[in-house]
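Visitor: I have the sequence and the model open beside me. Could you walk me through some of the packing?

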Amino acid sequence: MATIPRRTLNDGTSIPQFGLGVYHVPDDDTGALVETAVRLGYRHVDTAQQYGNEAGVGRGLRASGVPRDDVWITTKLDDDSHSRAAAIAALEGSLERLGTDHVDLLLVHRPGPDADRDVETWRTMAELREDGRVRSIGVSNFDRRRIEHLVAQTGVVPSVNQIRVNPRTPHRGLRRYHRRRGIATESWGPLREGRLTEHPIATRVAERVGRTPAQVILRWHLQQGTIVFPKSANPDRLRENLDIADFALSRREMLAISSMRRWR
Ligand code: NAD
């Protein structure tokens, strides 16, 4: 079974650097997908209240027979759950749907229109971490200014920021800021929703190293320390995406993939 690298977050928890995203997977299909993925060796699932498939994630995990504590579960607070009371109720709903007493990582899905309301959300999430129902907390789709606002008001630095990062949109400035602040970068859309697997640079590097385009792009993410969870409902692709731990890209190959950002 593949050995998945792990990263230690700024709160001391250790997260599998690779997992499965389940955006757009209907709840009815999510149980079988998560069960298959966990049986193949996946140990990290990224869902959200908004995806409507937390119950399926819970079903799949239980059906896999793998202990709850061996699988990292991330979920995200919906946009209408930013007040203290709504955030607590929303987390309780997630725990019930997932069938678990804690989530490993809770994210604010995206910043709201009112930065001060986000501070209230963030304080509440820090409380939920204290009482153990959430192990780590973070944000998603936040820019530097909005993160600094949260930190200035609460003193609590997010453990991760989940943003749309891929070789075409690498967000180098924001990632440099994350590194300075000790925030881990999570990439959503690591394959640019699959489109990068047809890019001629990905194809060329893949041929050179004897791997597939998806594998070299995912490997590019891992070698930069980014946490990724590509989505696929196809068992062959689930296997392919997971099989990225036993090879390395050279500096030249990394640079070739990074050069995709200059393509129009
Ligand atoms: P992705 O880059 O993971 O692309 C997924 C698509 O790529 C699949 O639908 C499939 O068509 C294709 N694909 C997967 N494996 C492949 C392979 N081996 N070869 C060829 N094509 C392949 O995009 P995504 O699903 O949008 O993002 C991943 C996860 O990120 C989501 O499932 C979700 O968990 C998370 N996400 C978060 C946010 C946010 O706002 N925080 C937004 C979107 C997605």
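Visitor: Which residues of H5 meet H6?

Guide: Arg144, Ile147, Glu148 and Val151 in H5 meet Leu174, Tyr177, His178, Arg180 and Arg181 in H6, where contact means heavy atoms within 4.5 Å. By class, this contact of H5 with H6 has four nonpolar, one polar and four charged residues; Ala, Val, Leu, Ile, Met, Phe, Trp, Tyr, Cys and Pro count as nonpolar, Asp, Glu, Lys and Arg as charged, and the others, Gly among them, as polar.

Visitor: And at what angle do H5 and H6 pack?

Guide: Helix H5 (residues 144–154) and helix H6 (residues 172–181) pack at about 20 degrees, with their axes 11 Å apart, the axes being lines fitted to C-alpha atoms over the stretch in contact and the angles running from 0 to 180 degrees between N-to-C directions. That makes H5 roughly parallel to H6, a term for angles under 35 degrees.

Visitor: Before I go on, what kind of model is this?

Guide: This is a predicted model, in which local features need pLDDT of at least 70 and side-chain atom pairs count only at pLDDT 80 or more, while totals for chains, interfaces and linings use all residues. Residues are numbered from 1 along each chain as its sequence is written, and side-chain values use heavy atoms, with hydrogens and water left out.

Visitor: Okay, the sheet: what is its strand order?

Guide: The order is E3-E4-E5-E6-E7-E8-E9-E10, an open sheet of eight strands with parallel pairing; two strands pair if DSSP finds at least two bridges between them, and strands (E, at least two residues) and helices (H or I, at least four) are DSSP runs numbered from the N terminus. Strand E3 (20–21) and strand E10 (227–228) stand at the edges, each with a single partner strand, so one side of each has no neighbour in the sheet.

Visitor: Is E7 enclosed or open?

Guide: Strand E7 (residues 134–140) is largely enclosed by the rest of the structure, because six of its seven residues are buried, meaning under 20% relative accessible area with a 1.4 Å probe, protein chains only.

Visitor: How many bridges join E6 to E7?

Guide: Five bridges join strand E6 (residues 103–108) to E7, and the bridge partner of Leu105 is Ser136 in E7. Two bridges join E7 to strand E8 (residues 160–164), and these strands run parallel, with Val139 having Asn161 in E8 as its bridge partner.

Notes:
Angles under 35 degrees count as roughly parallel, over 145 as roughly antiparallel, 65 to 115 as roughly perpendicular and the rest as oblique. Buried means under 20% relative accessible area, exposed over 50%, partly exposed in between (1.4 Å probe, protein chains only).
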